[in-house]
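Hi there,

Here is the structure I promised to pass on.

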Amino acid sequence: MAETTLPRDTARTARPLPRRWQADLSAVAVIAHRDLVKLLRDRVRLVSELAFPLVLVLLLGPALQSGFGAPGGLDLTSFVFTGVLAQTLWQSSVMGLVSLLADREEDFSQEIFVSPVSRYAIVAGKIIGEGLVALPTGLGIVVVGILIGVPWSPLVLLALIPVSVVVAIYGGAFGLLVLSNLSSQRQANQIFPFVLLPQFFLAGVFNPIHNLPLPLAILSALSPMRYAV
């Protein structure tokens, strides 16, 4: 009898593990889908997130090219375009995580965390969801880049897909790290500009960062946006 019950007991203890994984994966998909649907319904956010990078690409790139790029034989339009694309994907994911604080203030997070799924699954779903939200903005910037003559090859466009996904998820992870030390959405709106704005110049979005003075080189190496760009 002992020999026959041992396999049954082993099977009973091993059986819930795949179910738990299925529940966690389902939670990740549901949370990510919720964030994507919220974006598609929020047309104001879609327009605002796309307007600022397009202004930089259409105005700043050609202005720098005519003033500094053409005399120096450099293609600053493509340089600025690449930096703005990476910065937009990364920053959109970072700022999207602020909605996690809004959910907590509205007690929505409380309803999620009492559900029978892993907290890691909830966090992963939020990061992946905000990463997916950033991708449509990046697609719009790529289309504009093609229209203004940024040199793209089919291989580069293909390679840009996994790179964009990684950059967006990386931004979401950084946003979650910052938000873990904040308690309200108001604090996040006050802190994030001071966290993000210096990185525009330390990450190489608009300017080369190869020969910076030592203090700025150290700050640039510590800038998370730099590795996205």
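What pLDDT does the protein average, and what share of the residues score at least 70? The average is 78, and 83% of the residues score at least 70; pLDDT is the predictor's confidence in each residue, from 0 to 100. This is a predicted model, in which local features need pLDDT of at least 70 and side-chain atom pairs count only at pLDDT 80 or more, while totals for chains, interfaces and linings use all residues. Residues are numbered from 1 along each chain as its sequence is written, and side-chain values use heavy atoms, with hydrogens and water left out.

Confidence is lowest in helix α1 (residues 2-14), with a mean of 45, and highest in α11, at 92. (Helices are DSSP runs of H or I with at least four residues, and strands are runs of E with at least two, numbered from the N terminus.) Over residues 1-15 the pLDDT is below 50, and this stretch has zero contacts in the model beyond near neighbours in sequence. Contact means heavy atoms within 4.5 Å.

Now to the core. Leaving aside residues up to four places away in sequence, Phe192 touches Val94, Met95, Val98, Gly175, Val178 and Leu179.

Next, the aromatic rings. The structure holds five aromatic pairs; rings of Phe, Tyr and Trp (its six-membered ring) pair if their centres lie within 6.5 Å, and planes under 30 degrees apart count as stacked, over 60 as edge-to-face and the rest as tilted. Phe81 and Trp152 are edge-to-face, because their ring centres are 5.5 Å apart and their planes at 75 degrees. Phe81 sits in helix α4 and Trp152 in the loop between α7 and α8, so this pair ties together parts 71 residues apart in sequence. Phe81 is buried at 1% relative accessibility, whereas Trp152 is partly exposed, at 22%. (Buried means under 20% relative accessible area, exposed over 50%, partly exposed in between, with a 1.4 Å probe and protein chains only.) Trp90, Tyr170 and Phe174 form one aromatic cluster.

Not counting residues up to four places away in sequence, Ser223 touches Gln199, Leu202 and Ala203.

Best wishes
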